[in-house]
Protein chains: 2
Amino acid sequence: MTTKSTMEKEDDRARHRESRGGAESLRPLLRPRSIAVIGASNRENSLGAAILRNLFELGFHGPIYPVHPKASFVHSTKAYPSLEAIPDEIDLAVIVVPRQFVEGVMQECASKKVKGVVVITAGYKETGTEGAKAEQRILEIARGAGIRLIGPNCMGIISTDPETRMDATFSPTPPPEGTVAIGTQSGALGVVMLEYARELNLGVSDFVSMGNKADVSSNDLLQWWENDPRTNVILLYLESFGNPRKFAALARRINHKKPIIAVKSGRSRKGLQAASSHTGSLAGADKAVEALLVQTGVIRVDTVDELFDTAAFLAHQPVPKGRRVGIVTNAGGPAILATDACEAWGLQMPDLDDSLKARLAEFLPKEASFKNPVDMIASAGAEEFEKATRVMLESDQIDALLVLVVRPIIMNASEIGRAVVRGAAGSNKPVLSCFMGRQGIPEALSSLKEAQIPSYAFPESAIRVLSRVARYGEWKERPHGSIPELPDFDRDKISAVLEHARARLGTEGGWLSPGEVDELLTHCGIATPVSRFARDGVAAREIARTIGFPVVMKVIAEGVEHKTDVGGVHVDIRNEDEVEQAFKTIRQSLIEHDIPPDVMSGVMIQPLIKNGTEAIVGASCDPSYGHLIMFGLGGVHVELLRDVAFRLAPMTDMDAKELVRGIRGYPLLDGFRGADLADVPKLEEIILRVSTLVSTFPEIQEMDLNPVKVLARGKGCVTVDARVRV
Amino acid sequence: MTTKSTMEKEDDRARHRESRGGAESLRPLLRPRSIAVIGASNRENSLGAAILRNLFELGFHGPIYPVHPKASFVHSTKAYPSLEAIPDEIDLAVIVVPRQFVEGVMQECASKKVKGVVVITAGYKETGTEGAKAEQRILEIARGAGIRLIGPNCMGIISTDPETRMDATFSPTPPPEGTVAIGTQSGALGVVMLEYARELNLGVSDFVSMGNKADVSSNDLLQWWENDPRTNVILLYLESFGNPRKFAALARRINHKKPIIAVKSGRSRKGLQAASSHTGSLAGADKAVEALLVQTGVIRVDTVDELFDTAAFLAHQPVPKGRRVGIVTNAGGPAILATDACEAWGLQMPDLDDSLKARLAEFLPKEASFKNPVDMIASAGAEEFEKATRVMLESDQIDALLVLVVRPIIMNASEIGRAVVRGAAGSNKPVLSCFMGRQGIPEALSSLKEAQIPSYAFPESAIRVLSRVARYGEWKERPHGSIPELPDFDRDKISAVLEHARARLGTEGGWLSPGEVDELLTHCGIATPVSRFARDGVAAREIARTIGFPVVMKVIAEGVEHKTDVGGVHVDIRNEDEVEQAFKTIRQSLIEHDIPPDVMSGVMIQPLIKNGTEAIVGASCDPSYGHLIMFGLGGVHVELLRDVAFRLAPMTDMDAKELVRGIRGYPLLDGFRGADLADVPKLEEIILRVSTLVSTFPEIQEMDLNPVKVLARGKGCVTVDARVRV
């Protein structure tokens, strides 16, 4: 076994895949011209029988070869005793034999020069070490023979391409044909998703149950779907990222062309390994996931339900150009619910201007409400719905329209459905509808479905979708910035400092000494104040006088990480007597905290930076996601209120801007209640320097600049204290 | 017109109702022995026809008398030209005539001594001033004749009582019989709710569409349902409270017997009237609603969907005794989603102990996961589900069980449904199920429905319901405290101060002077520090020396409310020279903020309370909800981070405890990172004093104690500054 990190191993695998032709190597899996099913069976209720039946039922565009050790035919089709016995070429083999036979079948696939394999059989990595070894063995056979492998432990794949028409799953519900691609890491949810697609009549291009992702991962699929002209929207259900950095690069690129919507579950699962920096302890794995998805424009949703709500919109409606929502309705109650939802989800419901109100008043009764929501009251019929829909969409005062309908008392609801379709025809703004009721109002939905206007059972669902896609639209439009060149960043000298520290600390690594940290930051171009060591009270007096009052005194003691917690920091010391007193108090405080005073080697004296807002900038290395950069304001903001934001390194200048503005406390840097504007540009620069530092030297495991004093605009920032671990 | 406040008017109305026999006066409405329908019609699609049809279809247990000006029969039933012409007594009249005829019909009802009236007809208060006047007129007729009135502008009422069987609505869907009472302020949502009840097979006892609530309100209905033996759960959809204080008293009492679940919409609507205190500006109307519902144990949900999700649970399952959830499943993916939801909703998923694991291992394969969630893997059949359900419910390690099922590949899902029912039989712990799929797994749901085990389409919905009902259970169990007697609260002296201030300020009211505030607080038993006024820098020197350094200096200037914003506060002044300098700086700062220095009458000098945590305690009067008490920590905690909590006055000692612990920053008072424990008991006492003050003297419009310095445990609190407006 080598000692390569997970990250390095993933990189190896990614390189391996690239070298094998990238996305195009998936063609035999997703567009095969011939399929063998090994484990095909006449036994009802067996997986093999279900897969074979599905393949025939969807009408695979090519020959299907059942392989069965004894039967001469399966599903009324000539069966072969082995792969070898098949006289023709096989693009894709679907393996559904018991686990003990899979390895042998894989060998046969290699001999037969099969190009793609789907292993349905379970009992691999998901069951523990033994299974993981077996999985590794079949993966090695595949690699050796240039076979691309989906699974094991998956529920199969589907392509609705008319030139392919393959349903190689055991799911009871084939999806309709369309433009939405689905990749799922859970087979069970895959079944649920196919059922959704059928019920919502949401057309699917390809469906892949990835199973254990031994070979083909979501990254491979993203590349395939990026270039697939049949796919416009990509849905993912993920429990883990194989190679998150690769995912990030792909998602950022692809999201500009086709939206990616993802459920990433496992939020509450594993944290990072025990970490002792602030950044480390705050940076749970889900922070990394969230940062990754935000930075790359992925629309993250919480549930499968929302996944399809959002897909139903993006498959057919344009992305709204802003956050202004108009609502047209025939009932007040649901409109209030929708208004509440708009506020909760950060959308705006602008008041309508007088000319628009006048246009509405031409055909609405005077009891109607001409504010937004436009409440046409219960008497509204098809004509009112059609006209109001059209008039609202024609105005430049909204970016999207929600038509909200309760079952009309007198009229047939289907007429209203058709009226909305007519009113929306030709608009280039998105239109959503909500026909209130647990199933909507079924007779109204058929015409909407046909016209591809998505309909939701609740106004809240519709508004949530609009909010998510509006944010996606903003992400697409905004500049993404670049990773700037930083002056005074001396790569060689930093390297030397780290080299020296590692030599001292050995293979286990550890914290850099205060001196090393100082040097490191200086070579990064990050300013630190004068800071001098004093062994005793007398020396401290002397140093403080030289530096100039007021000063700060901090204990230096082996093993004391959080100096404040043990009374080890005194600020605003104004004269020499106070210096000596502070030294004594610190010593005494250690004793009170059961710390032997001998471990106190002395104190550091620094000038007090009186002004400025305290901030923390940190970095922490996740074994799979790489470095996560944290930003927050000092003290309770970070420690208690957890008011922090994260981005993955390397960051662009835009990322830095967003990071700083991503905390609730940002107004404190922006002139809150008459305060000076803080030097945010300089703060962003420091963040970029930290990002560049850890990206260039990934051996840095964690670091905190804490506190960074952010001075007034133009005055810069001072990093008062810092810690770095390699 | 009198100038009574909304609050006083509501009180009048409440008294009026009480005097008329309370809940029992609703009997002729909800349990009538005879019904007249005025506006009955043969015209298809008319509301009158729909109501008459519904009354006959559900089989009203008593005679129905159609009233029609011309027709001799309606719906094959003899019709009468007027109420008067009916030879028998009428309990309930349902009025569905055009608006211009309603007043005449009401007069007829009065002559006929009808006891209850439902006015379906719309066009009243909801349409503006004219309509409101018409509504007032019909209300006065009702009051004069002792008639209880539901509506106008409503969609009718239902009772499924076998002795009544009345569907006097125009809804297409009558609900099944059961124990859930529904009151709704929106007729449109009423139709949706009845559809839900039918689809989920959730049995309803009574249903009331309240319309404009001219007479009968949700408070009347709560009292009726409190005493109705057929009702176990109460659902409300509310857009406003008529008399929130009455609602609070009722809800608090009734929630101990029967849970009330409510959607209160209109969160984003009206704020309080322009207010200039911190408390006023932070206390939006929804804060008052939230405080009211939390204090009274109402289960607040956001959507109609959740309303029914929660009702489906409470109608048949016991309230869990704690927050520990066990999950049994046949699929990993959905279990991860459920685990994430547990964390998000504050529920616990305890690890199972070894003996429980051993019991599970007796019948589960070794590939299963014996952690919680118990993943029995895809091969799990009916037997495994039955046994695992039973074993989990028998253990003392969980308070509730969620059975989470994806469609089994081989087996019929209905067998699993039946197995869960068998496994759950006889348990006194709540059981929920989730059969994954947009409609659940229909064939499995029938046996669950029969056994009254609620089933949800998504694990997230199930977990959300569990979280809400677990919190309700905690509310029921906890002590509710009492409003304590406060020593040193001198009612008479406070009254005198307020009298004096009002004499000075006139009818418009205004802010109390610093001297009046000081006196007021002293008579409330709230300690304030010595604080002395100085006209100029020389006087300030003198006073500061007398008080003792360090001191605080604050500007006194007409019209300057937020002193800090204009540089009007200097803290930690350490000697006389610094005093004089501070005085000059404040003067200069006013000029820089374009405030003429003449308005500065001088400064107040106080000792600096160096230690202690800054807090804000405030009160603000909402015209309908009464006084809302606010608590938060000082500075950015309140102003920027909005980390505040609210309760309605008068508060119990338990309310005060919860209020203080209800902010994110509470650990700062509780020894966060080695800090001293703050004097929280004393802080709670101050909060109770403010609550008692504003409850006793409702003329206090708003007040802030800001800051209150909370010292170390046992050292008390010091109110450094305060403002009071009458």
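## Two positive phi angles in chain A

S76(A) is found in the loop between β3 (73-74) and β4 (77-78) of chain A, where helices (H or I, at least four residues) and strands (E, at least two) are DSSP runs, numbered from the N terminus. Although S76(A) is not a glycine, its phi is positive, at about 60 degrees. With 8 C-beta neighbours inside 10 Å, S76(A) counts as exposed; a residue is called buried if 20 or more other C-beta atoms, placed from the backbone, lie within 10 Å of its own, exposed if 12 or fewer, and partly exposed in between.

K113(A), in the loop between α4 and β6 (116-119) of chain A, is a residue other than glycine with a positive phi near 60 degrees. K113(A) is exposed, with 11 other C-beta atoms within 10 Å.

## How the model is read

This is a predicted model, in which local features need pLDDT of at least 70 and side-chain atom pairs count only at pLDDT 80 or more, while totals for chains, interfaces and linings use all residues. Residues are numbered from 1 along each chain as its sequence is written, and chains are lettered from A and ligands numbered from 1 in the order in which they are written.

## A helix pair in chain A

Helix α4 (residues 99-112) and helix α5 (residues 129-145) of chain A pack with their axes 9 Å apart and at an angle of about 0 degrees; axes are lines fitted to C-alpha atoms, for helices over the stretch in contact, and angles run from 0 to 180 degrees between N-to-C directions. That makes α4(A) roughly parallel to α5(A), the word used for angles under 35 degrees, whereas those over 145 count as roughly antiparallel, 65 to 115 as roughly perpendicular and the rest as oblique.

Among the residues that make the contact are V102(A) and M106(A) of α4(A) and I138(A) and I141(A) of α5(A), two residues being in contact if their C-beta atoms, placed from the backbone, lie within 7 Å.

## An open sheet in chain B

In chain B, 4 strands form an open sheet in the order β20-β23-β21-β22, with antiparallel pairing; two strands pair if DSSP finds at least two bridges between them. At the edges stand β20 (532-534) and β22 (569-573) of chain B, each with a single partner strand, so one side of each is left without a neighbour in the sheet. From one strand to the next the twist averages 25 degrees.

Helix α20 (residues 537-547) of chain B packs on this sheet, touching β20, β21, β22 and β23 (600-607) of chain B, and its direction makes about 15 degrees with that of β23(B). Helix α21 (residues 576-592) of chain B also packs on the sheet, touching β21, β22 and β23 of chain B, and the direction of α21 makes about 165 degrees with that of β22(B).

C621(B) lies in strand β24 (residues 613-622) of chain B and, with 25 C-beta neighbours inside 10 Å, counts as buried. Leaving aside neighbours within four places in sequence, C621(B) is in contact with G626(B), H627(B), P698(B), Q701(B) and E702(B).

A cis peptide bond, with omega about 5 degrees, joins N372(B) and P373(B), and P373(B) lies in the loop between α13 (354-361) and β16 (374-375) of chain B. The peptide bond from A649(B) to P650(B) is cis as well, with omega near -5 degrees.
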